[in-house]
Amino acid sequence: MACSSRSLLLFSSVRRSQPSIPLISQLVAQKPRSCSLVLRSRGVPLICWNPKKFRARTRSSMAEVTADSGKGKVKVFDSEEEVAVGLAKYTADISNKITKEKSSFTVVLSGGSLIHSLRKLVEAPYIDSIEWGKWHVFWVDERVVPKDHVDSNYKLAYDGFLSKVPIPPGQVYAINDALSAEGAADDYETCLKHLVTNGVLQVSAKTGFPKFDLMLLGMGPDGHVASLFPGHPLVKENKKWVTFIKDSPKPPPERITFTFPVINSSAYIAMVVVGAGKAPAIEATLGKSPNSEVLPVGMVSPEDEMTWFFDKQAASKI
Ligand SMILES: O=C1O[C@H](COP(=O)(O)O)[C@@H](O)[C@H](O)[C@H]1O
């Protein structure tokens with residue numbers, strides 16, 4: 001890269017060191033008199049941007065509005081496709097921030113539509129910018145079924161995400177699918193306690209519950225998060241780290257789930273919600289006159305930062 005105060009030239013190879021969108025934005029923000037960005041593949045220039053065109057692209061392609069709702073940052077995107085790009089950028093940024101500071105980055109996934117929304121993270125430029133070797137992956141909830149069952153949240157994440165990135169297999173913490181719901185919840189809690197003891201997982205100084213770095217969560221149309229359903233007594237569990245349910249209103253009935261004290265002790269939470277079918281629960285939670293009955297999604301409140309990712313349909317009633 002050659003860069004003078006008012007002019008700037010940037011070369012990069014597409015596969016290994018493609019500049020990230022934030023880097024490009026930063027460079028453009030310096031307002032150099034001239035700026036060429038040339039992405040090269042095996043020495044062959046592929047794309048050339050000038051800053052004026054890039055600014056136009058940025059404006060039209062980042063159709064995103066960010067606001068503060070009082071319950072966290074709200075990002076609304078034009079389409080689900082753009083939600084996926086925004087989520088990839090957000091996740092890569094947090095991963096890079098934490099992996100600069102620590103030797104482990106603890107990430108919790110939900111099942112459901114969240115995994116589809118993570119698809120851009122396994123594409124360039126994001127996949128190449130992440131220190132996958134430091135990732136430790138957990139599930140906020142899991143269905144008590146074999147790992148190769150179509151209902152398994154592990155299988156969903158493996159097929160759509162984990163099989164595409166080089167996270168060491170020993171740092172992917174699936175439930176023990178040979179156990180009962182109760183046994184699997186106890187076993188998972190024990191596993192978390194070991195990870196606290198060996199320093200992979202931290203504990204919140206405020207609550208004494210484990211403090212994960214990032215939770216990437218989805219929400220059901222009824223406002224449930226993890227396997228914590230509206231009106232179910234499990235939403236009030238305040239001692240256990242991991243618990244179980246045998247009467248889930250959404251099949252399959254047997255599941256294990258993190259409890260609210262664990263969810264709310266995490267540093268960052270991204271709540272990813274797309275589609276018109278989820279707009280009523282979002283209205284009840286973030287709308288002008290929120291419902292008197294607080295849905296589980298409305299109880300989510302991490303220690304450091306909450307960010308909501310919506311497409312226009314999910315945000316249509318707020
Ligand atoms: O059953 C579950 O549902 C929720 C929401 O799923 P979605 O497909 O409506 O996004 C999910 O977050 C949870 O992990 C899963 O077990």
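Author: Two strands are said to pair if DSSP finds at least two bridges between them, and the strands themselves (E, at least two residues), like the helices (H or I, at least four residues), are DSSP runs numbered from the N terminus. The model is a predicted one, in which local features need pLDDT of at least 70 and side-chain atom pairs count only at pLDDT 80 or more, while totals for chains, interfaces and linings use all residues. Residues are numbered from 1 along each chain as its sequence is written.

With those terms in hand, β13 is joined by four bridges to β14 (residues 255-258), and the two strands run antiparallel. Within this pair, Val242 has Phe258 of β14 standing opposite. The open sheet to which they belong has three strands, in the order β9-β14-β13, with antiparallel pairing. Its edges are formed by β9 (141-143) and β13 (242-245), each of which pairs on one side only. From one strand to the next the twist averages 20°, where axes are lines fitted to C-alpha atoms, for helices over the stretch in contact, and angles run from 0 to 180 degrees between N-to-C directions. Across β13 and β14 lies helix α8 (residues 181-197), which runs at about 165° to β13.

The ligand comes next: the residues around the ligand include Asp141, Asn153, Ser227 and Lys250, a residue being counted as near if its C-beta atom, placed from the backbone, lies within 6 Å of the molecule. By class, this shell has one nonpolar, eight polar and two charged residues; here Ala, Val, Leu, Ile, Met, Phe, Trp, Tyr, Cys and Pro count as nonpolar, Asp, Glu, Lys and Arg as charged, and the others, Gly among them, as polar.

As for the rest of the chain, the protein comes to 10 helices and 16 strands, and of its 318 residues 40% count as buried, that is, with 20 or more other C-beta atoms, placed from the backbone, within 10 Å of their own. Strand β16 (residues 305-311) is mostly covered, since five of its seven residues are buried. Parallel pairing joins β16 to β6 (residues 73-77) over five bridges, and to β15 (residues 268-273) over six bridges. Phe310 in β16 stands opposite Val76 and also opposite Val273.

Technical notes:
Contact = placed C-beta atoms within 7 Å. Buried ≥ 20, exposed ≤ 12 C-beta atoms within 10 Å, placed from the backbone.
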